[in-house]
Amino acid sequence: MTAAAALGDQTIIREDDFIQSVADALQFVSHVHPADFVRHLAAAHAREESAAAKDAMAQILVNSRLALIGRRPMCQDTGVAAVFLKVGVNVRFATSRGIEELVNEAVRLAYLDEANPLRATMVGDPLFERRNTGDNAPAMVHVDLVAGDRVEAIVAAKGGGSENKARFAQLNPSAPVEDWIVETLATLGAGWCPPGLIGIGVGGSADKAMLLAKEALFEPIDMLDLIRRGPATKLEEMRLRLYERINALGLGAQGLGGLTTVLDVKIRTFPTHAASKPVALMPQCAANRYVRFALDGSGPATFAVPSADDWPEIVRERTADAARPVDLDRLTRDEVRSWRAGDRLLLSGRLLTGRDAAHTRMAEMIARGESLPVALDGRVIYYVGPVKAVGAEAVGPAGPTTATRMDGFTDLLLERTGLLAMIGKAERGPGAVEAIRRHGAASLIAVGGAAILVAQAVRASRVLAFADLGMEAIHEFEVEEMPVTVAVDSTGASIHVIGPDLWRKT
């Protein structure tokens, strides 16, 4: 940028420049992966030996390139907007409004952009109504007053799947941090959409440790360089040990079993009370969305769009050669019973959608003895909240949400509706697996982080019920060769148990 526009020794940041910069940043991160993430994921893909995990990473990489070229969200969960600001003491904002108000206006501009609408995910009342705000505001805003005459910003969009897996513990001062991290990571399952990053915060207080862990995720990814040159500090030694120990768990991409679960481990520390050792763990999913910029008073920030040529050439195995075609309009329970965990399927026909809010309403209607607005008998339901379509799209990016969140509804719907199968991401809990086994049903997975690839299989979409729920309404998709994998089959076998067991290093 050019020299600061200053009044005396102050840098003046114009209101419109600030708002436009944050809005443009949110649009940018929706479809542009950081180059260091792409480099590390491509390297992990190249060395992966698990066929299922390798294909999942290939889908994420191909999807990433499609998002860049098409300027459409890489993931249907376009995230909670988070803005981290370091404001120089010699900066003055030319506005009568507060920082949070300016950021929230930027969020509205970004998420309601007609050229690339992003999914509104925020609910205003977290306890009772949980009604969507409609514009993804408010954002999470963190402001530090620092020395200097400019504003440094990090703008991020954090998905719910990875955010829900954040963990915190107050360890005894003598307790080993590394053991807690590895043991905790082993319990998280695949809902955070690995392969990704792990941010660790140690020290301070509970709130400080969580903030440290999240901020650690914005450090440059350099694990490949660290491995090549070797660690130079105790902290780097710890990062490398954690990287090796976590990957030795064998969880792999999407929890399917494989060599790579994390691409990097980042650690930040802060002084703490002598009686305390607060430790926070923050996963980051494959949709690693953030960008940095600075404002010096000369105008809004600009963002350099990388070339698609920088993305690796990925040649995926022809899915049709390795997968079984399934006609959803003629699907029977006997056919579902013939599927086995790990089988790859290509779904064609009519597919229902529904996730948290829709399942809650259906359960309430069943409890009241009311008929459901959509018959589920003989159908398959996809746990998805799609992005609004633009142009000729039948539907916007439409990747899966975490199936585990629907576990509490699974037995009820299988028992009372005749539902045959469900599609989401990640594992199912023991209760849901038992219900699936008892009813001769199946749970399938699509790749989290490949929302555009999934959407390309959707030929038509219409809302059937609960239109007021927005992206959580029940839709009917007409799909053609939608790729999925059998996660839990009718015998109760789970790929999320079988896969990691095969690749775990004892």
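Predicted model: local features only at pLDDT ≥ 70, side-chain atom pairs only at ≥ 80, totals over all residues.

Me: OK. Which domains does the assignment give?
Reply: Domain 1 is made of 1-33 + 74-157, domain 2 covers 159-294, and domain 3 runs over 319-503.

Me: How many residues do domain 2 and domain 3 each put into their contact?
Reply: Domain 2 brings 18 residues and domain 3 brings 14 residues.

Me: And what separates the centres of domain 2 and domain 3?
Reply: 31 Å, going by C-alpha atoms.

Me: How much area do domain 2 and domain 3 bury between them?
Reply: About 1100 Å², and 60% of that is on carbon and sulfur atoms.

Me: Which residues in domain 2 lose the most area there?
Reply: Cys 193, Gln 254 and Leu 256, which together make up 37% of what the domain 2 side buries against domain 3.

Me: How does the side of domain 2 that touches domain 3 split by class?
Reply: Eight nonpolar residues, nine polar and one charged.

Me: Switching topic: how many salt bridges does the structure hold?
Reply: 41. One of them pairs the side chains of Glu 215 and Arg 268, at 3.6 Å from N to O.

Me: Where do Glu 215 and Arg 268 sit?
Reply: Glu 215 is in helix α7 (residues 206-216) and Arg 268 is in strand β9 (residues 262-272), so the pair, 53 residues apart, links distant parts of the chain.

Me: Is Glu 215 buried or exposed?
Reply: Buried, because its relative accessible area of 16% falls under the 20% cut-off. Arg 268 has 28%, so it counts as partly exposed.

Me: What does Glu 434 form a salt bridge with?
Reply: Arg 437, with the closest N and O atoms 2.6 Å apart. Both residues lie in helix α14 (residues 430-439), and because they are three residues apart, about one helical turn separates them.

Me: How accessible are Glu 434 and Arg 437?
Reply: Glu 434 is partly exposed at 32% relative accessible area, and Arg 437 is partly exposed too, at 38%.

Me: Which residue does Arg 504 meet in a salt bridge?
Reply: Asp 501, at 2.7 Å from N to O. Arg 504 has a relative accessible area of 38% and Asp 501 has 46%, and each is partly exposed.

Me: Last one, Glu 152. Which strand is it in?
Reply: Strand β6 (residues 151-158). Glu 152 is partly exposed there, with 37% relative accessible area.

Me: What is Glu 152 in contact with, leaving aside neighbours within four places in sequence?
Reply: Phe 84, Leu 85, Lys 86, Phe 293 and Ala 294. Its side chain also joins that of Arg 150 through a polar contact of 3.0 Å.

Me: And how far apart are Glu 152 and Thr 353?
Reply: 41 Å in space, C-alpha to C-alpha, and 201 residues in sequence.

How values were computed:
Residues numbered from 1 in each chain as written. Heavy atoms only, no water. Domains from an automatic or database assignment. Contact = heavy atoms within 4.5 Å. Buried area = accessible area lost by both parts, 1.4 Å probe. Nonpolar A, V, L, I, M, F, W, Y, C, P; charged D, E, K, R; others polar. Helix = DSSP H or I, 4+ residues; strand = E, 2+ residues; numbered from the N terminus. Buried < 20%, exposed > 50% of the residue type's maximum accessible area, 1.4 Å probe, protein only. Polar contact = N/O pair within 3.5 Å; in protein donor to acceptor, adjacent residues only side chain to side chain. Salt bridge = Lys/Arg side-chain N within 4 Å of Asp/Glu carboxyl O.
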